[in-house]
Amino acid sequence: MATVLPSPPKVGMVSLGCPKNLVDSERILTKLRSDGYAMSADYAGADVVLVNTCGFLDSAKEESLEAIGEAVAENGRVIVTGCMGKEAETIRARFPQVLAVTGAHQYEQVVGAVHEAAPMPPSAFLNLVPDGGLKLTPRHYSYLKISEGCNHRCSFCIIPSLRGDLVSRRPDAILREAEKLIAAGTRELLVISQDTSAYGVDMRHRAWPWKGGEVRAHMTGLARELGKLGAWVRLHYVYPYPHVDQVIPLMAEGLVLPYLDIPFQHASPSVLRAMKRPANQVKVLERLRVWRDICPDIAIRSSFVVGFPGETEADFEYLLEWLDEAQLDRVGAFRFEPVAGAAANDLPGAVPEEVKEERYARIMEKTAAISAAKLQAKVGRTLSVIIDLADGEGGATGRSTADAPEIDGEVHLRDATHLKSGDIVPVRIEDADEHDLYGVSVSAGHP
């Protein structure tokens, strides 16, 4: 007589915010899947819906509240987790029917809430999960979180109050996770944390056994070992501490992608002091020159805040001039937005909204011109490109080593019927615009 398996409860997930939140969502879903739960791609099929919230900016909080409201309206059985979980009273006041509210990276609490809301029928046949865990990104790239929290106290940021101080993961545990991801099809590892450069500080950079040797809990040692695993390794959220200089030779060797995501935030010394950020941008310019001498193809991306309290027109002009000198490859800009609980809210010299808009338009115009010139210089070159999407009709979209998914530019290919997602191929660049490149795969037989 055939065994009739019970139907497992289904869990839906709405994941908001940064890649660090996305990793949290993947870990939660992986644990739930290993407990036997099934996943639902829509509200109607879910027995319970998880909303992983972002609470960094007021606009992000409102987006989170709207997502909770939609889940409540469409499904009714909702568990809230993530950064905005710190404001449980606000959530419950607006949506008293939510089943539970937990904070950021409180995996056990949120999984426990799911078990209570949608109990799993006992069955030895339902506990199935892939070795690499469940992913919310395409199969060929994965975010690899190396630490939680942050030791900085930037005046505009409330991350430490949401996620606590820096807590690094053991390097051998990170490397084992990376090996599993690569075995499951990952071709690009995107290393993330709140401060990648500070990795291991809380562990005093001690070493752990690894592959007959040892690996230190340090950004450089970890990057070197990750680079030996055979996938692209891309470093995000890197503060320009002096030891970052040691990573550049790894890029020149080809162990790590020639790419650094450094959140400079501003260039004016007075604004940086008000932000409580490192304020020696002249020295940074010299280091950029040295890095480019060592690794000419290095791509630097950064983000900047305009309209910070006290920012004068002179401060903003200083930033534009600094960008002319720095010639950063990829730049994102944000208008200053007060965040409840941030020290910057009490600073004098609030910048009018119309001035913020005008400065935002100017910085985007400046950085677009720099990007266009840099990309134009790549026309005629052959670059390694990882394919993200192939339409099956000859078109494909990918990224060069200078492009992270979602936030940077793309490479658009023609005559690409032979390519599929995850392929890494040489591409001859034929054209460029302000943000993207256009070309053809050399492996297609084009000369």
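This is a predicted model: local features need pLDDT of at least 70, side-chain atom pairs count only at pLDDT 80 or more; totals for chains, interfaces and linings use all residues.

Me: Why are H11 and H12 called roughly parallel?

Reply: The axes of helix H11 (residues 313-326) and helix H12 (residues 353-376) come within 10 Å and cross at roughly 10 degrees; angles under 35 degrees count as roughly parallel, and H11 and H12 are therefore given that description. On the H11 side the contact is made by Glu313, Phe316, Glu317, Leu319, Leu320, Leu323 and Asp324, and on the H12 side by Arg359, Arg362, Ile363, Lys366, Thr367 and Ile370. By type, the residues of this contact between H11 and H12 divide into six nonpolar, one polar and six charged.

Me: How do you know that the rings of Tyr141 and Tyr143 form an edge-to-face pair?

Reply: There are six aromatic pairs by the rule applied here. For Tyr141 and Tyr143 the ring centres are 6.4 Å apart and the planes stand at 90 degrees; the limits are centres within 6.5 Å for a pair and planes over 60 degrees apart for edge-to-face, so this pair is edge-to-face. Both Tyr141 and Tyr143 are buried.

Me: Why is the pair of Phe308 and Phe336 also called edge-to-face?

Reply: The rings of Phe308 and Phe336 have centres 5.2 Å apart and planes at 75 degrees, so the pair is edge-to-face. This pair links distant parts of the chain, with Phe308 in the loop between strand S14 (299-306) and H11, and Phe336 in the loop between strand S15 (330-335) and H12, 28 residues apart.

Me: What makes Phe308 and Phe336 count as buried?

Reply: Buried means under 20% relative accessible area; Phe308 has 0% and Phe336 has 10%, so Phe308 counts as buried and Phe336 is buried as well.

Me: Why is helix H7 described as mostly covered?

Reply: Helix H7 (residues 219-227) has nine residues, and seven of them are buried, namely Met219, Thr220, Leu222, Ala223, Glu225, Leu226 and Gly227.

How values were computed:
Residues are numbered from 1 along each chain as its sequence is written. Side-chain values use heavy atoms; hydrogens and water are left out. Axes are lines fitted to C-alpha atoms, for helices over the stretch in contact, and angles run from 0 to 180 degrees between N-to-C directions. Helices (H or I, at least four residues) and strands (E, at least two) are DSSP runs, numbered from the N terminus. Angles under 35 degrees count as roughly parallel, over 145 as roughly antiparallel, 65 to 115 as roughly perpendicular and the rest as oblique. Contact means heavy atoms within 4.5 Å. Ala, Val, Leu, Ile, Met, Phe, Trp, Tyr, Cys and Pro count as nonpolar, Asp, Glu, Lys and Arg as charged, and the others, Gly among them, as polar. Rings of Phe, Tyr and Trp (its six-membered ring) pair if their centres lie within 6.5 Å; planes under 30 degrees apart count as stacked, over 60 as edge-to-face and the rest as tilted. Buried means under 20% relative accessible area, exposed over 50%, partly exposed in between (1.4 Å probe, protein chains only).
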